[in-house]
Amino acid sequence: MSTIKKVLKATTDSELLSYIINVTPVLQEDIDLPVQGQSIKPIGQIIVDNDRYKNAFLNTVNLIGLTVIKRNGWDNPWDFTTRGTLRFGQQIRELINDLCNVYDYNDASNNETRFLTSVVPNIFNYIHSVNYQKYYEQTTSDEQIAMAFDSEGGLFDLISDLTSMLYESMMYDRYIIDKYMLCRRILDGTVTSVQIANYDTLTPRQRVSALKDVSNKMTFRSPKYNPAGVRRATSFDKQIAIINTEFEADLTTEVLATSFFRDEAEMKSRMKLIDSFSEHDTARLQEVLGSQYVAFTSDELTQLANIPGVIISDEWFMDYDYALDANAPTKQTDFYNPTTLKRNIFLHTWRVFSTSPFEQAVVFTTEKPTVNSVTVSPSQSSVSAGLTIQLTAVVDTDGFANKAVQWTVEKATGERTKVTVDSNGLVTIPSDFSVVESQTGQITIRATSIYDSTKYGEASITVL
């Protein structure tokens with residue numbers, strides 16, 4: 001932290017060069033500090049003409065670059081998404097306790113050994129793994145270094161040129177990836193959706209009132225606001241409101257301090273802007289995510305355009321840096337090319353980009369959440385006893401209604417109790433499955449919408 005403070009105090013090239021020399025043992029031993037008001041060009045000539053000095057100078061420039069460019073650089077507006085740093089060999093295992101089971105006293109009062117019974121706690125767990133390993137590259141030359149000492153401000157410009165785009169590229173990519181993950185979760189129906197009816201005719205205060213109503217509900221334990229159905233609560237100080245720029249403009253000019261935001265300072269700390277839920281840098285996302293990127297359809301973008309904002313727990317994003325160098329979240333390396341006389345500078349970053357299935361999240365939409373249909377495939381199939389068959393359910397929705405389904409064995413003309421289907425739609429036919437005489441082994445598997453139990457789809461399976 002002291003390093004950052006010292007660098008930010010430097011306002012001239014002389015002050016900055018003095019700092020670089022002071023914190024670089026190789027330079028500190030052999031080079032005098034510059035005198036304020038005098039040209040730093042002679043010192044620059046000494047550094048450029050000596051490979052040992054030049055390498056030491058560049059190494060220090062790399063280390064302080066991030067701090068210096070923050071003067072005017074672009075900061076990720078979603079700084080809250082980064083949760084910490086992992087060391088080598090670590091992984092993130094998210095463990096959540098649900099409420100304890102409750103038992104009737106009278107039912108157990110006559111059972112003298114009941115107290116010896118072990119009760120397994122209701123624990124949910126999820127593992128988040130490193131899924132992002134990238135590096136960024138810039139090239140510099142001896143000419144650029146020499147020119148940095150020719151004019152006032154040149155040293156700051158050199159540091160900015162060498163490191164600015166490395167770090168700003170990394171920060172920008174983190175933002176667009178987090179935005180992409182949030183929108184994908186919303187479209188997948190794993191974020192609870194709430195309609196703000198007649199949104200266009202409401203005043204900004206009425207819109208915020210709808211947001212506040214849900215915010216209040218999230219402070220109580222409820223299974224409604226996470227896809228795992230865990231009874232969680234999120235206090236006001238743990239809630240983050242992510243709202244689009246249009247909503248924010250109305251809020252700050254016409255509402256400002258509301259019952260949701262007690263004062264302007266609190267509003268700005270608990271509210272994060274998003275440039276748009278429906279506009280994404282698709283070319284860049286394809287570049288950084290590769291095969292992990294699934295393009296948005298035009299219908300999906302139309303739905304996303306109807307979102308004024310979301311409220312999430314501040315622990316909903318499970319983004320972690322993976323320590324590559326002395327527990328630092330990034331690692332810088334460089335390579336001097338003796339053919340081109342240029343130096344390639346690299347910034348490596350490994351990260352976990354993920355979201356929690358247990359933390360609370362709500363998306364506000366102008367559409368009414370609706371389940372239109374549930375389709376199971378394959379709708380008809382044949383399978384021999386003793387085998388399994390995987391079914392899938394496609395849930396067509398509007399307004400980001402939950403797309404989860406509950407799988408059940410609806411009917412079977414054979415031994416029904418022996419046929420099972422798990423929560424992922426995997427049907428298991430036991431090897432001793434038998435068919436009632438004069439009947440065929442027909443089994444019907446149903447996928448029922450969790451959001452709307454009147455909507456379901458079925459598959460017919462014939463046991464051979």
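Helix α8 spans residues 154-187, and its 34 residues reach 48 Å from the first C-alpha to the last, close to the 50 Å expected at 1.5 Å a residue (1.5 Å times one less than the number of residues; helices are DSSP runs of H or I with at least four residues, strands are runs of E with at least two, and both are numbered from the N terminus). The model is a predicted one, in which local features need pLDDT of at least 70. Residues are numbered from 1 along each chain as its sequence is written.

A kink of about 40° is centred on Thr163 in α8, the bend at a residue being the angle between axes fitted to the seven residues ending there and the seven starting there. Of the 34 residues in α8, 29 are buried, that is, under 20% relative accessible area with a 1.4 Å probe and protein chains only. After α8 comes Gly189, whose phi is positive, near 80°.

Gly189 also belongs to the lining of the second largest pocket, where Gly189, Asn402, Ala404, Ile450 and Tyr451 lie nearest the centre among 26 lining residues. The elements giving two or more residues to this lining are β5 (192-195), α9 (204-217) and β16 (392-398).

Elsewhere, an open sheet of 3 strands has the order β15-β19-β18 with antiparallel pairing, where two strands pair if DSSP finds at least two bridges between them. Because β15 (388-390) and β18 (420-421) stand at the edges, each with a single partner strand, one side of each is left without a neighbour in the sheet. Between β18 and β19 (residues 426-428) there are 2 bridges, and Thr420 stands opposite Thr428 in β19.

Technical notes
This is a predicted model: local features need pLDDT of at least 70, side-chain atom pairs count only at pLDDT 80 or more; totals for chains, interfaces and linings use all residues. Side-chain values use heavy atoms; hydrogens and water are left out. Buried means under 20% relative accessible area, exposed over 50%, partly exposed in between (1.4 Å probe, protein chains only). On a 1 Å grid over the protein atoms alone, a cavity is a set of points where a 1.4 Å probe fits but cannot get out, and a pocket is an open set with protein on both sides within 12 Å along at least five of seven lines; lining residues have an atom within 4 Å of a point.
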